[in-house]
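The sequence and the coordinates are shown first.

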Amino acid sequence: MKIHEYQSRRLLADAGVPVPPADVVESVADAVAAHQKIGGRVVVKAQVFAGGRGKAGFVKLCDTPDQTRQAAEFMLTNKMVSKQTGPAGVPVSRLLVAAAVDIAQEYYVGMVVDRARRCPVMMVSREGGVEIEEVAARHPEAIIKEWLHPHLGLQPYQVRKLTQALGFTRKEHVQAAAKVFLGLADVFLRYDASLAEINPLVLTRDGELMAIDAKINFDDNALFRHPDVQAMHDPTEENASELRAKAANLSYIALDGNIGCLVNGAGLAMATMDLIKLHGGEPANFLDVGGSVTREGAVEAFRIILADPKVKGVLVNIFGGIAKCDTIAEALVAAAKEVGFRVPVVVRLEGTNVEKARQILSTADVPGLITAADLTDAAKKVCAAV
Ligand code: GDP
Ligand code: MN
């Protein structure tokens, strides 16, 4: 699960990380009022899950309330397009108005789970700011890492190493940096985060260290332990199809290709996507209907797949175990009647009740339906069809 920058800032501030004062607003008038309240120079920032806002013009420094009015008007009426949003962009409905700081130096501090080492890792860099992806790709040596013991957490010697890596020598900087690292590690571990990032962490011209951007993602499997995190969920920022799927108990992830996939079981879904790719196609989604799928659930799955205008063909791949082939066949017939198949649908069914399923499909005579003998045959047919 993702949360907004303003929510991440609050969690970090509560853990002792210095963050400039800020207000969250949803209208131009409130943005102007926030500027007047905060005073001086402010920074107006679009609150969307995608990054790259600075480069997209959705982080703006404003010296006067009038500049804030213009910035807020622009951000609330234009979609933000950045490297992370895709060409369609995302709408903005909320803004952060924060006291601006005078930056002497920008740093990067982040934490993720290192899957290979099976423990959290803290990463720091002196090259923080909007180019961090470039730094990671071109100069990986400029990112210094410390791996945390899963039970012991961030140790004092590691804090010293990281502080040194950022080049801090003055006592007050070293102490301030230690507070930031410990605060970040505390938030990451306490809330079962999968990513926690401060980019940039800045040294101000007054010699203070402050987090002026923050991003935290959480491990969905641990959310049950954190009702306070769950309460921060903002469904309006998520992919509409993914939300619909979640409501129907389907595991669905939208992808960029044009072949819709309806599969039972995550492993089979992965294998299906691999086979589509092997035969020159590109999957439009990952969809696991799960073991206990009902007819209604499967019909909803068809609706979700076919609602995606990119989809030019569908591959249904079911290995009937607990999920029965005839349930899927009935859903296919129902979906064909209800939504109509505007694209070819290739079906491969095997396993429990497959004979019954074949009978249902042959009597219903669904137009646009192509049956396949096995997985490879199915993948070839759907790739040929699109
Ligand atoms: P991102 O582009 O989505 O990561 O948004 P950030 O919040 O990181 O802002 C992008 C850049 O805007 C930062 O790297 C800073 O260079 C600049 N910026 C953001 N807030 C301030 C501020 O308070 N003062 C100054 N001078 N620059 C800022
Ligand atoms: Mn940033």
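Predicted model: local features only at pLDDT ≥ 70, side-chain atom pairs only at ≥ 80, totals over all residues.

E296 and L332 are separated by 36 residues in sequence, while their C-alpha atoms lie 10 Å apart in space.

## Manganese site

Two residues coordinate the manganese ion (ligand 2): N199 through its O atom and D213 through OD, at 2.2 Å. This pair links distant parts of the chain, with N199 in strand β8 and D213 in the loop between β9 and β10, 14 residues apart.

N199 has a relative accessible area of 13%. N199 is therefore classed as buried, since the limit for that class is under 20%.

## Strand pairing around β5

Strand β8, which carries N199, covers residues 193-204 and pairs with strand β5, residues 103-114, in the antiparallel sense. Eight bridges connect β5 and β8. Within this pairing, Q105 stands opposite L203 of β8.

β5 also runs antiparallel to strand β6 (residues 119-125), to which it is joined by seven bridges. D114 has C119 in β6 as its bridge partner. The two strands β5 and β6 form a hairpin with four residues between them. In the turn of this hairpin, R118 has a positive phi of about 55 degrees.

In soluble globular proteins, nonpolar side chains tend to be buried together. The largest nonpolar core in this model has 41 residues, and M122 and F181 touch the most other members. At least two residues of this core come from each of α1 (5-14), β5, β6, α6 (156-165), α7 (171-190), β8, β9 (209-211) and β10 (214-218). Helix α7 gives the most, with eight residues. Apart from this core lies another, of 39 residues, which includes L250, F302, I318 and A357.

Which residues does M122 touch, not counting those up to four places away in sequence? They are V109, G110, M111, I144, K145, E146, L148, L154, L162, F181, L184 and A185. F181, one of these contacts, is the residue named together with M122 as touching the most other members of the largest core.

## Summary of the β strands

Methods. Residues numbered from 1 in each chain as written. Chains lettered and ligands numbered in written order. Heavy atoms only, no water. Pairing = 2+ DSSP bridges. Core = buried A, V, L, I, M, F, W, Y, C linked by side-chain atoms within 4.5 Å. Buried < 20%, exposed > 50% of the residue type's maximum accessible area, 1.4 Å probe, protein only. Contact = heavy atoms within 4.5 Å. Donors = N, O, S within 2.8 Å, 3.2 Å for Na, K, Ca; no water.
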